[in-house]
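Subject: Structure handover

Hello,

Here is the structure for you to look through. Please open it first, then read my notes below.

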Amino acid sequence: MAIQMNIAITALLLLFTSIPIVECTDIDVVANFGAVADGQTDLSQPLMNAWKEACASPEPVNIVIPEGTYLLSEATLNGPCQAPISLQLQGTLMAPEDPTVFKEPTWVSISHVDSLTMFGGGVFDGQGATAWGQNDCAKNKNCVKLPINIRFLDVKNSLIQDITTKDSKQFHVNVLGCSNITFQSFTISTPEESLNTDGIHIGRSNGVYILDSKIETGDDCVSLGDGSNNVKVQGVTCGPGHGISIGSLGKYKNEEPISGVFVTQCTLANTMNGVRIKTWPASQPGSATDIHFEDITMDNVGNPILVDQEYCPWNQCDLSVPSRVQLSKLSFKNIRGTSKTQIAVKLICSSGLPCDEVELADIDLTYNGPEGPAISQCSNVHPALSGVQNPAACSSQPTGEAAP
């Protein structure tokens, strides 16, 4: 199954790893719609006017935002459009600094579009530094949601290439209900102290590809919510941040299964976690299967390999009740480097639904702290082992017992 999935994903990647050569008409927001690159004049209306004209055209249109700095209060770019559409961002778009001016928790929204190409080397600057101290959603269920830099909703067969998003007030990119969307040579830049600034968060989407990209953030570099299927993360450099995460899962009713996730040829440096799967205890039922991490380099990473089915931040759960999210067909292969925590491999599965078909192959992780060498820890899992196992793998330890 994994081999078949890899072949299918590779075939799809060939379709979306370069900007398509399409004859199209350029329209310029400055020359044609009166935009001003002075960092003070709002680009919203010129951009909306350009989008409406381009979206209504029966022929492909390329919207050009030339070099320069533009204030953009917000943008809602809706389809469906009559033909393929592209946005060539060469300049820098700046969000308002004050998060209270946003009516909705989104700065730029693109929805119901087929065959979108975004490129040009430009920047979405969320100016989020003043908002990070106001982000208490992890502890406060009634918090005010801060705006996401870019939200893609029901976007299909699309390519986002050579674009930067920086200093978002909340998540940088949210991908929801999308299919066959690729992020290539994509850059995310936010300091480590920024709260809840996930790089790319994916949910209920099929066919999402994140390739050859660099992500620096204060939370997960890439995070997958429920319903994420056929996702490939390849050639990504992550750090600082919290790592590459599946979940958290099981918190809400009617969550959709996750299947077909491949994280390969990535480097994580100075992150809080490495590759991670997390589910809530006392959870709603759910499943995540066919998830593979391979050819990963860890550089001073906490918890390099982590399955945590007792994920309970801020003690907002009942640890006495096991998770009801079934994890199966998980593999961790050729993962090497240095850990900044002594427990380098930690597989804590549910006592109610133990992890099934887990594989550890060629693991080589070292720790040089005062406690001694790296160790591994397992519960409710019996992984299949092959190749190097450093630290020594725990194939059948009782709950909480660590393998030397």
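The largest nonpolar core has 92 residues. A nonpolar core is a set of buried Ala, Val, Leu, Ile, Met, Phe, Trp, Tyr and Cys residues joined through side-chain atoms within 4.5 Å. Buried means under 20% relative accessible area, with a 1.4 Å probe and protein chains only. The residues with the most contacts inside this core are L47, I63, F152, F183, F332, I335 and L347. In soluble globular proteins, nonpolar side chains tend to be buried together.

A word on the source: this is a predicted model, where local features need pLDDT of at least 70, side-chain atom pairs count only at pLDDT 80 or more, and totals for chains, interfaces and linings use all residues. Residues are numbered from 1 along each chain as its sequence is written, and side-chain values use heavy atoms, with hydrogens and water left out.

Next, the aromatic rings. The structure holds five aromatic pairs. Rings of Phe, Tyr and Trp (its six-membered ring) pair if their centres lie within 6.5 Å; planes under 30 degrees apart count as stacked, over 60 as edge-to-face and the rest as tilted.

W280 and Y311 are edge-to-face, because their ring centres are 5.4 Å apart and their planes stand at 85°. W280 sits in the loop between β24 and β25 (286–301), and Y311 in the loop between β26 (305–308) and β27 (325–339), so the pair ties together parts 31 residues apart in sequence. Strands are DSSP runs (E, at least two residues), numbered from the N terminus. W280 has 6% relative accessibility, so it counts as buried.

F293 and F332 make a stacked pair, 5.3 Å centre to centre with 15° between the planes. F293 lies in strand β25 and F332 in strand β27, so this pair ties together parts 39 residues apart in sequence. F293 is buried, at 0% relative accessibility. F332 is buried too, at 0%. Ring pairs also link F152, F183 and F186 into a cluster.

Last, the largest pocket. About 1,600 Å³ of space lies in it. On a 1 Å grid over the protein atoms alone, a pocket is an open set of points where a 1.4 Å probe fits, with protein on both sides within 12 Å along at least five of seven lines; lining residues have an atom within 4 Å of a point. Of the 46 lining residues, the closest to the centre are F171, N196, D198, S248 and Y252. β16 gives the most to the lining, with three residues.

Best wishes

Terms used: Points joined across faces, edges and corners; volume = space filled by probe spheres on them. Helix = DSSP H or I, 4+ residues; strand = E, 2+ residues; numbered from the N terminus. Buried < 20%, exposed > 50% of the residue type's maximum accessible area, 1.4 Å probe, protein only.
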